Amino acid sequence: MFVELLYNDQLRRFHFVRAPVRGMWVRLDRVWSDAIHGRPYPDAAKRLLGEMMATIVLIANNIKHDGGVTLHAVGDGSIKTAFAECQGQDALRGIIRLNEDDPQAIRDDMNFNELIGKSRMALTMQFKTGESYQGLVNTDHETLEQNMEHYFENSEQLSTTFALNTDEEAVTGCFLQRLPSADLASDLVLAHDEAEWLRLVSLFRTIRPGELGSKDAEEMLLDLFPNDSIRLDHPKALRFECSCDRDRCSNALKTISSDELRELADENGGIQVTCEFCGTLYEYQAGDVTAGFSN
């Protein structure tokens, strides 16, 4: 069972031996399927959610971070909210909310910018200490890959290139990132590192989306970089997991006014709350409500 899960949903890190460049490859199968299960998302919305989940797990595993990392886009297009989260580098969840006021039908070929419209997007890192960091991602470009590349180039000063592919069965993502040259590197070394980065990026961008989805990490790297020495780490298993629980649900209800609670209550005075991410149902009896959700 573990081997099957590892094959379907996994992340692999790799490093180029002769160039300060690292990368990661990810494939989401069951994780993506669990995120969209039972939801009437149009195909383009499913694709966007899968791309955001693949992107966020790449980012979460690119930093030394054991908290939560989220990518959250809000816009005025056919999709008003797109949210993906990775907890502890391997637990993923995500959700899409459609804009019911937008009469425009969602076409299968719509790109990120067309789906979200005029929007803002934030990359947030929540640390276990309670501290958090948030960076704003420019959304002027057509695709999610282009927007993320622009973010890393301008906000993190790290040259990065992304590739994403979604088919009927899985979402596949990959990125390359240039690392700083060695301390006190000579001009000759700096020129070499720059040339190597440009060469590797040009090869990386020859991969077609369908080709990315049809190959595993080893096949992709061998085809793209046959003359380069690459160290490929062992696969890391990923899973769908929601961070909801009864305490969080209770705390959320405590922020609602008494009038709103009465509107939510059923004929017996109880309240039912369903998690939008995983579908878990939390039930509160009338006594729980009046007691302030203590039970």
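Trainee: Where do I start with the protein chain, and how many helices and strands does it have?

Mentor: Remember that the model is predicted. The secondary structure comes to 11 helices and 14 strands. The C-alpha atoms fill a box of roughly 75 × 45 × 40 Å along the principal axes.

Trainee: What share of the residues counts as buried?

Mentor: Of the 295 residues, 47% count as buried. The accessible surface of the chain is about 15600 Å². Carbon and sulfur atoms hold 48% of that surface.

Trainee: What share of the contacts joins residues 24 or more positions apart?

Mentor: Take the contacts in the chain with a separation of 6 or more. Residues 24 or more positions apart account for 62% of them.

Trainee: And the charges: how far apart are the mean positions of the positive and negative ones?

Mentor: They are 4 Å apart. The chain has 29 positive and 49 negative charges.

Trainee: Now the rings. What describes a pair of aromatic rings?

Mentor: The distance of the centres and the angle of the planes describe a pair. Searching the whole structure gives five aromatic pairs. Take Tyr-151 and Phe-152: their ring centres are 5.5 Å apart. Their planes meet at 80 degrees, so this pair is edge-to-face.

Trainee: Are those two residues buried or exposed?

Mentor: Tyr-151 has 2% relative accessibility, so it counts as buried. Phe-152 is buried too, with a relative accessible area of 5%. The cut-off for buried is under 20%.

Trainee: Which other ring pairs with Phe-152?

Mentor: Phe-162 does, in a tilted pair. The centres are 6.0 Å apart, with 35 degrees between the planes. Phe-152 lies in helix α5, residues 144-154, and Phe-162 in strand β8, residues 160-166, so the pair ties together parts that are 10 residues apart in sequence. Phe-162 is buried, as is Phe-152.

Trainee: Which residues do ring pairs link into a cluster?

Mentor: Tyr-151, Phe-152, Phe-162 and Phe-175.

Trainee: A ring can also face a charge. Which charged end sits over the ring of Tyr-284?

Mentor: That of Arg-246. The distance to the ring centre is 4.3 Å.

Trainee: On to the backbone. What is phi at Gln-157, and where does the residue lie?

Mentor: Phi of Gln-157 is near 55 degrees. That is a positive value in a residue other than glycine. Gln-157 lies in the loop between α5 and β8. Its relative accessible area is 58%, so Gln-157 is exposed.

Trainee: What about phi at Leu-184?

Mentor: Phi is positive there as well, near 60 degrees. Leu-184 lies in the loop between β9 (171-178) and α6 (187-204). Its relative accessible area is 87%, so Leu-184 is exposed.

Trainee: Now Leu-92. Is it buried or exposed?

Mentor: Leu-92 is buried, with a relative accessible area of 0%. Its place is in strand β5, residues 91-98.

Trainee: Which residues is Leu-92 in contact with, leaving aside its neighbours within four places in sequence?

Mentor: Among them are Leu-28, Val-31, Met-53, Ile-56 and Val-57. The list also includes Glu-85, Cys-86, Arg-239 and Phe-240.

Trainee: How far is Leu-92 from Arg-107, going by C-alpha atoms?

Mentor: The separation is 26 Å. Along the chain, Leu-92 and Arg-107 are 15 residues apart.

Methods. Residues numbered from 1 in each chain as written. Predicted model: local features only at pLDDT ≥ 70, side-chain atom pairs only at ≥ 80, totals over all residues. Heavy atoms only, no water. Phe/Tyr/Trp six-rings, centres within 6.5 Å; stacked < 30°, edge-to-face > 60°. Buried < 20%, exposed > 50% of the residue type's maximum accessible area, 1.4 Å probe, protein only. Helix = DSSP H or I, 4+ residues; strand = E, 2+ residues; numbered from the N terminus. Lys NZ or Arg CZ within 6 Å of the ring centre and 35° of its normal. Contact = heavy atoms within 4.5 Å. Areas by Shrake-Rupley, 256 points an atom, 1.4 Å probe, with all protein chains shown as cover. Lys, Arg positive; Asp, Glu negative; His and termini not counted. Charge placed at Lys NZ, Arg CZ, Asp CG, Glu CD.
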